Amino acid sequence: MHDKTSALMRRGIEFLGSDHAILCGAMSWVSERNLVSAISNAGGFGVIACGAMTPELLDAEIAATRALTAKPFGVNLITMHPLLTDLIAVCAMHRVSHVVLAGGIPPRGSVEAIKAYGGKALVFAPTLALAKRLLRGGADALVIEGSEAGGHIGPVATSVLAQEFLPELADDHVVFVAGGIGRGDMIAAYLEMGASGVQLGTRFAAARESIAHPAFKQAFFRANARDAVASVQVDPRLPVIPVRALKNKGTEEFTAKQREVAALLDSGALDMEAAQLEVEKYWAGALRRAVIDGDVENGSLMAGQSVGMVSDEEPVAAIIAQLMHESEHALRR
Ligand SMILES: Cc1cc2nc3c(=O)[nH]c(=O)nc-3n(C[C@H](O)[C@H](O)[C@H](O)COP(=O)(O)O)c2cc1C
């Protein structure tokens, strides 16, 4: 039924141990036991978002996910988490097959610690030079994520990253492409360029099995691509990583929050690291308000530009089947 797509995904499928090389990228608050197990049970590859979880919470989440699926799934760890080493130890204890290191350059020893217990390490890299260095240093696979994506983003579009990275790396390495993928046609295109698979977030955030609040999902169904905007940096001295989310009052509040933090930086009440942490804490809290509490006015509705292609609450299995069908159709065309 989807032989051509599966053939192009072969390396990704072997690497992940799933039926299809389609990852559901970790989404804080959204990618928990229910969505992760549903993705893996449907033949994709689910990834738990550890976010700011403590090692104890991660331990419980992995165990609960295992109880819901016998299929492989991964864990996404944020590199600046102060307890990163302990979190990797929790993954080791559970023999988590794949760990994704996100949010920054993996600190020394982290990839090694994952490989030491037999896990596979997936990393992000914003530039080709860094990607090469990480792969040389032992990272098992790479995710390239463009600025169309939801959540924290880099400045370069997925289409450009794909042209820069895939011709250089795809022959010898497993590379997954993320950001702005809403249909299978796009999956086919990246596979033909040499990608081993793809990662989607936005398409799955409003799936039936997602625990996101009904109001959060409704906001996704109503939104167009142009509503998913990147946050702006208001103070040149306070570098904040842009976040793509649906425009609302919360987006404006973020601008005010930055001014407030910049003033504290000015007065010496906060140093740069503390100021940046303050901004990140704001996002985590705001996302929780929208996803869990359903406050779609003041919370953060992180979403990618592909949100315009999300119109119904569909089961994960139906979304994956549709993506595979569209990809196959595009390849046969
Ligand atoms: C609501 C939301 C929350 C996200 N949270 C995280 C996160 O905690 N860690 C992470 O590495 N990526 C996060 N992402 C990015 C996704 O894992 C994924 O790479 C991205 O959504 C892919 O692009 P797409 O949204 O265009 O499909 C988030 C995305 C969304 C939409």
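Student: Is the crossing in which α9 passes α14 left-handed or right-handed?
Tutor: This is a predicted model. The helices to look at are α9, residues 184-192, and α14, residues 316-332. Where α9 passes α14, the crossing is right-handed.

Student: Why is α9 oblique to α14?
Tutor: Two packed helices are described by the angle between their axes and the distance between the axes. Here the axes of α9 and α14 lie 7 Å apart. Roughly perpendicular starts at 65 degrees, and roughly parallel means under 35 degrees, so an angle between those ranges counts as oblique. α9 is oblique to α14 because they pack at about 60°.

Student: Which residues of α9 meet α14?
Tutor: On the α14 side, the partners include Q322, L323 and M324. Others among them are H325, E326 and S327. From α9 come G184, D185, I187 and A188.

Student: How many residues in the contact of α9 with α14 are nonpolar, polar and charged?
Tutor: D185 in α9 and E326 in α14 both take part in this contact, and Asp and Glu count as charged. The classes come to 6 nonpolar, 4 polar and 2 charged residues.

Student: Where does the shell around the ligand lie?
Tutor: Domain 1 covers 3-211 + 309-332. Domain 2 covers 223-305. Both give residues to the shell, so it lies between domain 1 and domain 2.

Student: Which element supplies the largest share of the shell around the ligand?
Tutor: β9 (197-200) and α10 (202-205) each supply at least two residues. The largest share is 3 residues, and it comes from α10.

Student: Which of the 28 residues around the ligand come nearest?
Tutor: By class, the shell has 12 nonpolar, 13 polar and 3 charged residues. Gly counts as polar. The nearest are G25, G150, G151, G201 and G304.

Definitions and conventions:
Residues numbered from 1 in each chain as written. Predicted model: local features only at pLDDT ≥ 70, side-chain atom pairs only at ≥ 80, totals over all residues. Near = placed C-beta within 6 Å. Helix = DSSP H or I, 4+ residues; strand = E, 2+ residues; numbered from the N terminus. Domains from an automatic or database assignment. Axes fitted to C-alpha atoms, helices over the stretch in contact; angles between N-to-C directions. Parallel < 35°, antiparallel > 145°, perpendicular 65-115°, else oblique. Left-handed = near helix turned anticlockwise from the far one by under 90°. Contact = placed C-beta atoms within 7 Å.
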